[in-house]
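Hi,

Here is the structure I promised to pass on to you.

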Amino acid sequence: MCLATGNTPLGLYEELVKAYQEGKADFSQVRTFNLDEYVGLTEDHEQSYHYYMEEKLFKHINVPKENRQIPDGMAEDLEQHAADYEQDIYAAGGIDILLLGVGVNGHIAFNEPAKELSDITHVTDLSADTIKANSRFFADITEVPRRAVSIGVGTIMRAKRIVMMATGASKAPVVEKLLNEPVISCEFPVSLLRAHRNVTVIVDKEALGKIPQENIEQ
Ligand code: F6R
């Protein structure tokens, strides 16, 4: 699996923990990668995605430690680390199920709107929009890391199955554009999902905005 962080998957992770505690789920054979990690935050930094995954999911379930990989934002050679991470995903046989949130600007993982997008795992600059959106988790906007290691859009598109989730009214414009505009553009990275054969989009009422229900179910 490839796992996301952020607000959106928190409810899902609670459900997975519950299922594990009730004996309905077993993760002992699961191997996980994560979408991304900030550059410059240590694993024990409260806003690092390492810390998030440990707190919200891993410490409550039984994915073996050696089966979990998250990009290392403290790696000495970040470019080499990103290349190795991509290779590890490939060597693992690729991703079976990939979870995604979406940014208010349409980013997926940290593939920000741009003229061109990276196929593979890479080091990237966060956009001003994303820095602003993520500053809610930090004491001050100046503390938000400016860079991240992120899987690429090709890494995402090679997953066998994608589950994209969006919650809250701030995501309504993005969801509406994704579902209603039959256009694929690097300037709106989530639109690439339109070209994937096996995508499930899960939204709450607020993120659905004004789209009529009957238009969605197809
Ligand atoms: C997180 C990630 C991001 C988030 C997106 C939405 O690992 O890659 O793309 O999924 O920024 O964040 P939330 O869920 O906090 O609104």
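Below are my notes on the ligand site and on one threonine. Please keep in mind that this is a predicted model.

Let's start with the ligand. The space it takes up is the largest pocket. There are 14 residues around the ligand, and those that come nearest are Thr-8, Asp-36, His-107, Ala-109 and Lys-171.

In the side chain of Thr-8, an N or O atom is 2.4 Å from an oxygen atom of the ligand. Arg-136 has a polar side-chain atom that lies 3.0 Å from an oxygen of the ligand.

Now to the threonine, Thr-121. You will find Thr-121 in the loop that runs between β5 (97-100) and β6 (122-125). Is Thr-121 buried or exposed? Its relative accessibility is 4%, so Thr-121 counts as buried, the cut-off being under 20%.

What does the side chain of Thr-121 make a polar contact with? The partner is the side chain of Glu-86, at 2.6 Å. Leaving aside residues up to four places away in sequence, Thr-121 also touches Ala-82 and Tyr-85, as well as Val-149, Ser-150, Ile-151, Gly-152 and Thr-155; Glu-86 is on that list too.

Best wishes

Technical notes. Residues are numbered from 1 along each chain as its sequence is written. This is a predicted model: local features need pLDDT of at least 70, side-chain atom pairs count only at pLDDT 80 or more; totals for chains, interfaces and linings use all residues. Side-chain values use heavy atoms; hydrogens and water are left out. Helices (H or I, at least four residues) and strands (E, at least two) are DSSP runs, numbered from the N terminus. Buried means under 20% relative accessible area, exposed over 50%, partly exposed in between (1.4 Å probe, protein chains only). A polar contact is a pair of N or O atoms within 3.5 Å; within protein, one must be able to donate a hydrogen and the other to accept it, and residues adjacent in sequence count only if both atoms are side-chain atoms. Contact means heavy atoms within 4.5 Å. A residue is near a molecule or strand if one of its heavy atoms lies within 4 Å of it. On a 1 Å grid over the protein atoms alone, a cavity is a set of points where a 1.4 Å probe fits but cannot get out, and a pocket is an open set with protein on both sides within 12 Å along at least five of seven lines; lining residues have an atom within 4 Å of a point. A molecule sits in a cavity or pocket if more than half of its atoms lie within 2 Å of its grid points.
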